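Hi,

Here is the structure I promised to pass on to you. Please open it first, and then read my notes below.

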Amino acid sequence: MLIFMEESDQTNWYKLDNAAKLYPAISSRRWMSIYRLSIKLYEPVDKDMLQRALDITVNRIGLFSCRLKSGMFWYYFEKNPNRARIEEDAVNPCIHMQSRKRGGHLFRVRVYDKRISLEVFHSVADGHGGVIFLKTLVAEYLKQKGIFIPAQRGVLDCSEQPSKEETEDAFLRYYNKKSVKSWKESRAYQVSGTSEEGHTLYIINGLVSVQDIKQLAKKHQVSITEYLTAVYMYALYIVQCHENPLKIRPVKVSVPINLRAFFDTKTLRNFSSYVNPEINANWGSYNFDEVLYVVHHFLRSELTKKNLTAKMSKNVKAEKNILVRILPLHLKNMAISTIYHMSGESRMTSALSNIGLMDMPEEMAAHIERFDAMLGAPRYNRINCAVCAFKGVMNICFSSTIKESNVEREFFTFLVKQGVHVKLETNRGK
Amino acid sequence: MSYCVNCGVELERAQPSCPLCGAAVINPMDQNPSCESNTFPENRDEPMKINRGFWIKFSSIIAAVPIATCLLLNLLYDMRLTWSIFVSASIFMLWAFCTSPFFFRRFTYKKMLLADLVAALLGLGLIAYPFPVNSWYLFVALPLAVYCYLAWLLIIFLSRKKLPVLVLSAVISVCISMLLVLLEILLDVYTIGHVALLWSWFVVVPCLAIAGLLLLLDRNKEVQHEITKHLHF
């Protein structure tokens, strides 16, 4: 039984959550917000078995088996009767879903040699939901091969009925209309460079030891996310100083926050917020320790339940505004797209999403070589970064739409100078 | 394993150059670097493509139907082409403006503006064709269309150069005043045979004054700040 029954037990549709509403409005014929998660096994993937595993997983996590439909005022998700198919992987990942050609599916499972990749349109689920889906899919695949994988540590039991909590709109549950943050944010520095034709997403994966990064973070008494964010901001700051030292804008890196750590919910849909630590070089030059100090204290002060509630409520309140609600969908799309064009990505230089350490049953981990996460191309900005760790190896993945790799260079050479061994993998020059 | 001598990072065996700095990777100890399996697949996903040929044909049929109908009706009732030429030329220009993006594989504003200029000149030429004695096309329409094309080109070029908004607005203001001066000169020459310049001053003087003010304002950050402070909303 599919879990499309949250809105109505009789119908097979559900409303988009607060964060999900943004993505269809700002999508275009060429671009949509996609992220990618990959698991590399020790053996080549059997596609037939994976297809069977996918059928079972989609049946369990029906949330993913949806298609986007237009209502009069809002988009909605409808149960997708078409079967999701396993696809071949490509050198240019996270390309537009072309969901009409693919039976309306808003995710795709791709295979290359030993690697299983999941690409998801962000409206469907956030990184947490994607990780659960991928882990359940791989567990089911291993079960097909006769390996017992217990349903624990983020692996769902496909013989169980899905719970309603998995599809709840947690934004609505924790929204507080009395606690609303201001919208005002200043413009940020945007990385410039030479665009490539033909929808190429340049990938540079840096593989580093978790232990090395942990030690560096420990030395400065900060968390790993804070340390990596500071290194990233420092790299962007250096690149900006070389690019145009006369016209300096604040460097802001958007760090997605998994709200499940602060609010109790089992939802697999979108339930994340973000914080934008900032350094403004107009106030003076920065060294790395100063950047790290700013990031550390900014994140600690922002990541409180009250502050996150206010931030979340800001968006939900806008969505609940009667004038917004009665505006026809296409006018709403135009308005959202214009606002996003004018003030969406221009308020941040880039994003750094730390998925964190991948936790999974030991029986399953024994068959998995590595775990990767990647963010698709941002619409207007040029570069994004995703981080995840598995079996002591941290994968820092930069996805960029420009030929130049100055930011990546500053980032990785900084780590090398700190004594961290970095191994790079790239699709550049292929 | 190979390392970049500049960046100090380890690279894949098959990597011919460092992706960070572009330095060539030469490992004399490794004679067969391509034998390592690639992390990334070889095949590429092709993005969604517009069927440009289809849209050109489709819009051409949509435009051809009213043109053919008008021409036919005109011929049937008047036995010659009169009013239908105006309608046909207008539809042709509209079709050309809307369809021109599909003629180019890659969108560039220079090509687009040039295509629009050619379409406008052809359309106006069609309207002027039945009146060979009347030379308004050569003396008014042609120079005006070329001026508009060059002015647009200049404005887009400057906006792409990220000129300050105030300076760009000043340039637009000057372009408008020049257009009106040109228009009056052309009309004067066409109608009375010499340049009188009577009415365009009423627009040119305020436009140039606005341009000057904008340029002054662009240089005075304090005034800008005060205006922003008092008028922000």
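What follows is what I found in it, beginning with the conventions.

This is a predicted model, in which local features need pLDDT of at least 70 and side-chain atom pairs count only at pLDDT 80 or more, while totals for chains, interfaces and linings use all residues. Residues are numbered from 1 along each chain as its sequence is written, and chains are lettered from A and ligands numbered from 1 in the order in which they are written.

Let me start with the sheets of chain A. Helices (H or I, at least four residues) and strands (E, at least two) are DSSP runs, numbered from the N terminus, and two strands pair if DSSP finds at least two bridges between them.

An open sheet of three strands in chain A has antiparallel pairing and the order β1-β4-β3. β1 (13-15) and β3 (66-70) of chain A are at its edges with a single partner strand each, so one side of each has no neighbour in the sheet. From one strand to the next, the twist averages 35° (axes are lines fitted to C-alpha atoms, for helices over the stretch in contact, and angles run from 0 to 180 degrees between N-to-C directions). Five bridges link β3(A) to β4 (residues 75-79) of chain A in the antiparallel sense, and Arg67(A) stands opposite Glu78(A) in β4(A).

An open sheet of five strands in chain A, with mixed pairing, has the order β5-β6-β7-β2-β13. Its edge strands, β5 (86-88) and β13 (368-375) of chain A, each pair on one side only. Here the twist averages 25° from one strand to the next. Strands β6 (residues 107-112) and β7 (residues 115-121) of chain A run antiparallel, joined by six bridges, and Arg108(A) has Glu119(A) in β7(A) as its bridge partner.

Helix α2 (residues 47-60) of chain A lies across β5, β6 and β7 of chain A, at about 140° to β5(A). Helix α3 (residues 127-144) of chain A also packs on the sheet, where α3 touches β2 (34-41), β6 and β7 of chain A and makes about 30° with the direction of β2(A).

Now to chain B and the interface. The contact between the chains takes 30 residues from chain A and 22 residues from chain B (residues are in contact if their C-beta atoms, placed from the backbone, lie within 7 Å).

Chain B itself is divided into domain 1 (1-44), domain 2 (53-134) and domain 3 (135-226), with bounds from an automatic or database domain assignment. The C-alpha centres of domains 2 and 3 of chain B lie 29 Å apart, and their contact takes 10 residues from each domain.

Best wishes

Terms used:
Contact = placed C-beta atoms within 7 Å.
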